[in-house]
Every structure is written in C-alpha cells, then in structure tokens.
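Biologist: I have a model open and a few questions about it. Can we go through them one at a time?

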Amino acid sequence: MKNRIDNLFQKKEENILSIFLTAGYPNINDTLSIIKILDTTDVDLLEIGIPFSDPIADGPIIQQSSMKALNNGMTLKVLFEQLQSLRTITQLPVLLMGYLNSVMQYGVEEFYKSCHEVGIDGVILPDLPLNEFDNTHKALAEKYDIKVALIISPETATHRIKLIDLKSSGFLYLVSSNSTTGNFTAIKQNSYKHLTEITSLALKNKILIGFGIKGQQEFEEACSVANGAIMGSSFIQLLSTSSNFEKDIPEFISIIKNSKS
Amino acid sequence: MTTNNYNVNEQGYYGEYGGAYIPEILFNNVEELKNNYLEIIESDSFKKEFDELLKNYVGRPTPLYHAKNLSSQFHTNIFLKREDLNHTGAHKINNALGQILLAKRLGKKRIIAETGAGQHGVATATACALMNLECIVYMGEVDIKRQAPNVARMKMLGAKVIPATSGSKTLKDATNEAIRDWINHTETTHYIIGSVVGPHPYPDMVTRFQSVISKEMKNQLLEQVGKENPEFVIACVGGGSNAAGAFYHYLNNENVKLIGVEAAGKGIQTGHTAATLTIGKPGIIHGSKTYLMQNEDGQIIEPYSISAGLDYPGIGPIHSFLHDVKRANYMHVTDKEALEAALNLTQKEGIIPALESSHALAVLTKLNFKKTDTVVVNLSGRGDKDLTTYINYLNQNDYEK
Ligand SMILES: Cc1ncc(COP(=O)(O)O)c(C=O)c1O
C-alpha cells in the first residue's frame, strides 16, 4: 500500500487542510475520540503533537495544552498504545509532530518502527538538524515507510530551500513567519503574499503553510499561495473552550473549509 | 600550544555532545554566528577593544589570592581566583562583554538574555548600558524573588526584566522564553546566552570568552609559586561557563586534576537536586545534545538548588564530554554543605562568596590533598546577592543552638 500522504497529494493539490492536536488533550483519552470526529469532516490530514515539557518553538496555547496533556499522564508509550486502534477509526493520513528528545529517549529506530506498526504515515521534528536527519533518521524512516516532512521558513535561503526540499518527504512545511506557534499577529501586515517567492520555486514537494493560521480567512489566503495550510493553536483553543466536541469540531472545520472543498 | 583534542570539532560537537538542535527559523542567526565568531573574536580590532574593556572596565586581571587560613585548615596550598572582584561581581561579565562586541559587529540592535542568579542578567544589562543597546532579560519568577538585589540593578541599568512563569519558573524556563523571543525577533536580535550551553557555536564561543580565567591563572601561578600548573582546579558548574574558563588552558595538561562541582540540592536521591551528570542522561535541551535531568519519557525534570545560578537541568556539552572521557571529575554538594562552606570562607578569609561559588569551596572537605599540592578554587562570584539566604541560614543556626 502506498503511503497515505502521497496518496492524498496525488488526488488533491489544493486547499489541503491539516489539523494539529496535542495527544492526550484536553483529557488523556481524547486523542482518538477527537480524531474520530475529525474523520467525519472535510479535514485532509492530521498531525498529532507529542507533548514535551519544554517546547521552545511553541507559543502559550500549545505550551499549555502540552503541560495539561503531560499532567494527564500522556507519554509517547501511552500514545502508541492509544494509536493501536488508529486505523480502525480513520484512513486519513496522520503524522506525529514532536521534539527530538522524546524520540531520542524512546529510541530512534523503535520510534519509526512503532509509527509503522500503528499506521502513522509521517513525522515532523522541528529541532532535527539536517546532519542528523542524513546520518540516522533518513534510512530508518525509509525502512519503515515513514515520511519526514522538513521545515523551511520565509527567510530560508533559496539554495537551502532546494536542499531541504530534496531531503523532505510527504510535503514541505513552510512556517508562515519567523514566530513561535499561535502568534496570530505576526503575519497581519503582509499576509502571505511574501511567501509566493518560495511557493513558486520549482520544488519536488507540495507545500503546506503553518504557524499563525487563525481562521477561515487566513486559511484561504494561505491556500492561494500554497497547496494548503496547517492549523494548530486555533484548533487547540477550540478544544479548550468547547463542551460539545461532536457539534463544535465539525462546525469549526466547515467554517474553515467554507466553499473550499 | 599543541592541538587540543578536547575542543569542539568542525560540526560543533564535543565527542557526541553539542551540535545545533534548533528550529529552522533560527538557522540563519545561528549560522551567521557560526560563520563569523572565530574570525571576529580573533581579529585585532576585536581583541584590542575586548582586552581594553577587560582591563579598565572590568578590572582584570582578577587577583589570584593565596588563602593562607584556608590552606592551613585543609593542610595544602589553596589559591582563590577572584572572579568575585570583577565589575558586576562575577565571571559573567567576561562573556557578556565579548558577546556584545560581537553583536555590535553583526549589526544587532536588540539584546536578549536569560538569567538565573541575575549575575548574567546584570552583566548583560551593564554591557548594554555601556553600548547603548536595548536589553531584555528573562528571569524565572522564583528567581526574581530570591535574587531581588540583582533585579533592582538590572532595572536601574535600563533593562526590561520579563518574568518567566512556565515550568519551575527558574533558569530553564527563562532560557525557553529567551529562545522563543529570539524566534520572534530574528532579524534585530542577538541572544547573549549566559553559559556554555545552547546550540553551537555558543558553547565554544562562551568558553573562549571565559578562558581568560585560566590564561591569567597560569601567569599568576608562575609568578607566585614558580609553576604554571596546579595540582587541582576546582569550579562550580551550573551551565558550566566559569568551570570551562578555569579548565580551558589546562585541558591538555593531564596532570592538572579538573574538578567540577554540581549542586546536589537537598541530596541527589531526594528528587530535589540539580546534579545533572549524576542523575541525568544524554538528551537534547536548549539546542544542544548533552546530559540532562529527565524522566523515561524524555520530559525534563524540574531541578532544585538553593543557588539560583546552579538550578539548571542541563549542562554544557563540553562538560558532558569531559565527564565521559574522564578528563574532569564532577562532584556534587548539597545546599547545606554549600552554606557551611560560605560561612567558613567568610569567617576564615573575610570573603563572602556567591552561593554558586560556595559549592566549589565545599568540596575542599571531600578531597585528599598533599601538603605540597597547589589547589586553585575559582571564586566565580561575590555573595552580596545571597545575603538574605545567608542571613536566614545564620538565624536558623542560632535558633538551633
Ligand atoms: C557567581 C556565579 N557562579 C556560577 C554560576 C553558574 O554558571 P556557570 O556554571 O555557567 O559558571 C553563576 C550563574 O548565575 C553565578 O552567578
């Protein structure tokens, strides 16, 4: 069977919506129940965040969700146990996103192996340096058919974007601005137009824009310059305030996707 | 000097430790530093400006003081490297001035720093005042309370002190906040890290700025005892910058025993400790692969020490390496042992040491010295900032008597 991320991009190249959720948030057993609800919506891709005690690239919203999840008892081991039944619930492509220390302590090969066993399609590791990707992760990810989506920023030099694009698989994660996650004010002034310089390069991978995608308008703007966008903090915010996931999650997604499906 | 195989390699590693584990957003900044730091700090104009500041502004060379009363107490020859006599009261100013000169040459207008004890914050605020640069210091909420005099100094110097309210609200969390600030202000900002931690090239850069300590020690020992090399060099280790500076020029002299001292807090088995090398294992913290205190799941354990400057769950990668290859020996000292050592130095030599430095002094009771040995303790800072803690300790002692 082909990797679900590749399958997705083969069928669809526009208006891709990826949703990020923190594992074990707001309650330890919510991971799969939220995914089950998301599966009934027009979401295209899912990213499950592995909570970490010291998430340096994250703003307050994801920091707090991580802290809550850890207090709930979430660990990478527990997450993989929960994900045993992932593939009875959804056929959407799913990635794990986390900090390298979690992976290192779990064991790098063990990590990719467990991803494969539960049906995870890809990973995003924002603090994985390219040299370590080349030396250890690349071969292991390939061995277990796990895509490693690498990250570029608006200020990444063109030659480096091309280099990262060559190494990246699944897609290329373009950070919308130089900012931590959930900084909804960072991009206001210049919207996403400045990113076309990057998204119009001839690249191997499809590009999803992430960080600071707050609502329908930002999603639409991001989709006008790239293949789609990733929403994290604003979805976490919804989870933190909603008392009725069955109703609120599909509503949230349909507003984002609007007429864009 | 012969080539130093304890130095960082081209890729930024000490053995398997170090590297640059940073989000792509910081790549340009870290790369800019990496590509320029050696050329800049080895240039004549930099050296001239830096050396002049160290001499006339900081007051270097700091004295190497033969502590006779302490020597007779421990039946050996103890010398104190008086980093406490630096302007602003600790070794931290060596690094802050070095980095500010670098930041200026890189055209940065805004300076951020993290601080634990407040010594690095004060040093950075001082350097910024001198160079007329905007200064923002992140400091854990807990540390703001226990190091109040330094908070006041930073404010008077014109720095903005922002409390870090996440996690244990100490140095680790202040560092997280500083890194997040940097991610959000990459173009304008230079991050002056306060110790030999963080992504490459910081550990090496900070080590070089602090290496003036052992450079002076060599000259001063030659002058005072007729030989450059002591039998022991002892220094406390939070992130490990004063220790790295005190060890640097002795790394290749295997006869010089290098002793790093970590904070055991209430004891290494109590769960209230900051003795990273004793209870930690290799992982990634603040952009560097190094030993760190963590649970099985890789979550960083909140450290504890009475000393705000040692209250850190990681350690500079150079020390992880020196520990593994056994070039240096790392010991640990409890809060109580450090307090006793502080009181002892104060009453024997008339010097009130910083709580951090008191950890280094406390191992004097644990090591076996020969009568003929020369022992250098790096007295990294002065104790003014810790008076409240010392007074509480004294009152409690009186109470117990
Ligand atoms: C006086 C003093 N000594 C030591 C330290 C610990 O830092 P390092 O291990 O980097 O020397 C500090 C940190 O604040 C300090 O203020």
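Biologist: Which residue forms a salt bridge with B:Lys172?

Modeller: B:Glu302 does. The closest N and O atoms of that pair are 3.7 Å apart. Keep in mind that this is a predicted model.

Biologist: How is chain B divided into domains?

Modeller: Domain 1 covers 14–54 + 92–206, and domain 2 covers 59–89 + 211–397.

Biologist: And how many salt bridges are there between domain 1 of chain B and domain 2 of chain B?

Modeller: The count is two.

Biologist: What area do those two domains of chain B bury between them?

Modeller: About 3,200 Å², with 59% of it on carbon and sulfur atoms. On the domain 1 side of chain B, 21% of the area buried against domain 2 comes from B:Tyr17, B:Tyr21 and B:Lys172, more than from any other three residues.

Biologist: How many residues are in contact there, domain 1 of chain B against domain 2 of chain B?

Modeller: 41 residues of domain 1 of chain B are in contact with 43 residues of domain 2 of chain B. The C-alpha centres of these two domains lie 22 Å apart.

Biologist: New topic, the surface. Which residues make the nonpolar surface patch of about 240 Å²?

Modeller: B:Ile352, B:Leu387 and B:Ile391.

Biologist: Where does B:Leu387 lie?

Modeller: In helix α16 of chain B, which spans residues 387–400.

Note on methods. Residues are numbered from 1 along each chain as its sequence is written. Chains are lettered from A and ligands numbered from 1 in the order in which they are written. This is a predicted model: local features need pLDDT of at least 70, side-chain atom pairs count only at pLDDT 80 or more; totals for chains, interfaces and linings use all residues. Side-chain values use heavy atoms; hydrogens and water are left out. Patches are made of residues with over 30% relative accessible area and no salt bridge: like charges are joined within 9 Å, nonpolar side chains (Val, Leu, Ile, Met, Phe, Trp, Tyr) within 5 Å. Accessible areas come from the Shrake-Rupley method with a 1.4 Å probe; for residues, only the protein chains shown count as cover. A salt bridge is a side-chain nitrogen of Lys or Arg within 4 Å of a carboxyl oxygen of Asp or Glu. Helices (H or I, at least four residues) and strands (E, at least two) are DSSP runs, numbered from the N terminus. Domain bounds come from an automatic or database domain assignment. Contact means heavy atoms within 4.5 Å. Buried area is the accessible area (1.4 Å probe) that two parts lose on being put together, summed over both.
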